[in-house]
Amino acid sequence: MNIKKLIGVASLLILPFAQTEAQERWHLLPDGSIEWSIDSRIPHEDHIEMSGKRVSVVLRYGVNARGGFELNKSMVWPLLRTIPNNTHASLMRRFDWDPMDLVTVNGRTMTSEKVESIRLKGALTVESSYDAGWYGQCRLIREYMPSAELPALMERYALVNVSKNPISVEIPEVQDKVWTDPSKGVAGAYRIELNVDKKGAFTVAPQDTLFFSASIAGYKQDEPSQKIDVNREMQTRQALVAHWMDNLVLETPDQVINRMFAFSKIRACESIYQTQGGPMHGPGGESYYAAIWANDQAEYINPYFPYTGYDYGCASALNSFRHFARFMNDQWKPIPSSIVAEGLDIWNGVGDRGDAAMIAYGASRYALARGDRQEAEELWPLITWCLEYCHRQLNEGGVVASDTDELENRFPSGKANLCTSSLYYDALLSAACLAHDLHKEGASAYRKQAAQLRTHIENYFGATVEGFDTYRYYDGNDILRSWICIPLTVGIDDRAGQTIQALFSPRLWTENGLLTQAGSETFWDRSTLYALRGVYAVGETEKATDYLHRYSATRLLGEHVPYAIEAWPEGSQRHLSAESGLYGRIITEGLFGIRPTGLRSFSLTPRLPQEWDHMALRHVRAFGQDFDLEVKRLAGGKLAIEVIPAGGKAKRFTLREGGSLQVKL
């Protein structure tokens, strides 16, 4: 197969947010999946990452100019560590192996394939037809997905005889083993097994179907092979996908946003690996596994997990904070940016990125939303240590100094950046709420520090940049930066109007969202996702919804689907997992305006777009509860709010549009 390296075709994957429905390659199906019905727009290639507890796979798939299916399987085994055992030391192999290559029908390999459709919903499903004189007509259905528990990719094939005569099918025995170089493995040689579960000659009657399965699995040299029941493993994976889809369900009149939100839960929740250091959520992208980061995990996705009802996700969040807590110290040295190699090593290659602010922000929001008093008590020392560390880093301007930011010197960030101080501000407010519920001292002190910090943020970062009365990202910055959106997400709205104008100006907003820096070509989805959340938070609902719909249509139904991506040109638009968590937070924290204020309470500021008459979140699993949240439009600029606990009595409120209310469960 000749799948190009995606860095070489990245430009082909970029479509404007303004694309019309007719231009969209994919469409929604009633069963919750999306489908690409193959038309004349071929050849076309794409890639998707899918993950389980012991494996991840990037499927580079496409339809060639002849209409045939092409696939490259990039396998990653995060627990099979390679030398040197650093951030990127997962065993990785790429295979063009196709079990169909040696299958014969009436004595010949199958040719003249025409792919009819490709579907996605936690799995890749391909339907093709074959028409050749010697065997009549056949259909082939392929399914690909990772095992939820085993270190294996599952493949299932259904060969349907749609001709008038029986066909003879021969499947060769395939039980191949590949041994890796023992000098390159932390545990010596690793064993990769490629198996097909059926062999021999079969007669398939007209309208009958022959099923068989295949797998690619990776093991340590002394680890016994697993007897893989592909059907059972696929059922387990499908049940897990259904669990993610059935909790935290978004209902709005916009089906594209609904579906993108549903899909984002798959990518956000699946990328957790059962390492020797406990469950570790990892970004993925054929680079970042069996490791945690202060931004991707602590800041981006951990505050989101409590809402999803996924216990393993919450376990990974708590585990990540426990790992960071190992590095608290009396010398006030910074906590490492990343803990790698299943928890055995660290990465701290660019110094302090503002990691303590990221951890305090994420841990306090997580603890509140989780609603578990015991977990909150455990996290309290980490939160307070990180807050004190930030306090000790305040410069003469009263904002937090750091060596760099989460972009790690890709772009300048000065000696103190807007992002770090904004996260610290939010963490102080959350910690004050948590202190109150845990009966700890410090709540009033944290609120006072937050008020002072807000003033310092305004005085230090507030500036006119390229004609907009917004923020400079650091002292000396005179070029617009995408992270000017950060204050909006933490309730700092002093410069909201001009900041939003700057974000959506031609200097920053492009067909692919926000440029990292005006005048560059680089975009990172994370800043676009933060910006959309922030624009909702300050009440620019119509603008936020318009751009959210366009963004969602492009990422879900366009040329590169179906998840939020990391960046371009770096990383070839990888489907890093935490970005999907950030998409989810646009809905929970932006559209619905949920802000945790206690272990059983939150403030609610719903932003119902004018074209919608209702919206709802079903089975919100935060604050130790399972509840529905409904918002409906009333006459006279008012909203009807219902909070409906599972098996309990609904709480009803009437709220003016743009207003907030406090909810106690």
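Author: Ser421 counts as buried, because its relative accessibility is 0% (buried is under 20% relative accessible area, exposed is over 50%, partly exposed is in between, with a 1.4 Å probe and protein chains only). That serine sits in helix α9 (helices are DSSP runs of H or I with at least four residues, strands are runs of E with at least two, both numbered from the N terminus). If you skip its neighbours within four places in sequence, Ser421 is in contact with Val399, Val400, Leu453, Ile457 and Phe461, where contact means heavy atoms within 4.5 Å.

Before we go on, keep in mind that this is a predicted model, with local features needing pLDDT of at least 70 and side-chain atom pairs counting only at pLDDT 80 or more, while totals for chains, interfaces and linings use all residues. Numbering runs from 1 along each chain as its sequence is written, and side-chain values use heavy atoms, with hydrogens and water left out.

Helix α9 covers residues 418-438, and its axis comes within 8 Å of the axis of helix α7 (residues 355-370), the two crossing at roughly 35°. Axes here are lines fitted to C-alpha atoms, for helices over the stretch in contact, and angles run from 0 to 180 degrees between N-to-C directions. If you want to select the contact in your viewer, the α7 side is Ala357, Met358, Ala360, Tyr361, Ser364, Arg365, Ala367 and Leu368. Facing them from α9 are Thr420, Leu423, Tyr424, Asp426, Ala427, Ser430, Ala431, Cys433 and Leu434. Sorted by class, that contact has 12 nonpolar, 3 polar and 2 charged residues (Ala, Val, Leu, Ile, Met, Phe, Trp, Tyr, Cys and Pro are nonpolar, Asp, Glu, Lys and Arg are charged, and the others, Gly among them, are polar).

Helix α7 has another partner, helix α8 (residues 373-392): the two pack at an angle of about 155°, and their axes are 9 Å apart. From α7, the residues taking part are Ala356, Ala357, Ile359, Ala360, Ala363, Ser364, Tyr366, Ala367 and Arg370. From α8, they are Glu375, Ala376, Leu379, Leu382, Ile383, Cys386, Leu387, Tyr389 and Cys390. That contact comes out at 15 nonpolar, 1 polar and 2 charged residues.

Follow the chain out of α9 and you reach His439, in the loop between α9 and α10 (443-461). His439 has a positive phi of about 60°, although it isn't a glycine. With a relative accessible area of 70%, His439 is exposed. Now look at Ala341, another non-glycine with a positive phi, about 55° this time. Ala341 lies in the loop between β22 (338-340) and β23 (345-347), but with a relative accessible area of 2% this one is buried.

While you're checking backbone angles, have a look at the cis peptide bonds too. One joins Ile83 and Pro84, with omega about 0°, and Pro84 is in the loop between β5 (69-81) and β6 (90-95). Another joins Val561 and Pro562, with omega about 5°; Pro562 is in the loop between α14 and β29 (567-568).

That helix α14 (residues 541-557) packs against helix α13 (residues 525-537) at an angle of about 150°, with the axes 8 Å apart. The α13 side of the contact is Asp525, Thr528, Leu529, Leu532, Val535 and Tyr536. The α14 side is Thr541, Ala544, Thr545, Tyr547, Leu548, Tyr551 and Arg555. By class you get 8 nonpolar, 3 polar and 2 charged residues there.

At 13% relative accessibility, Met245 counts as buried. Met245 and Lys265 are 20 residues apart in sequence but 7.1 Å apart in space, C-alpha to C-alpha. Again leaving aside neighbours within four places in sequence, Met245 is in contact with Gly32, Lys121, Ala262, Phe263, Lys265 and Ile266.
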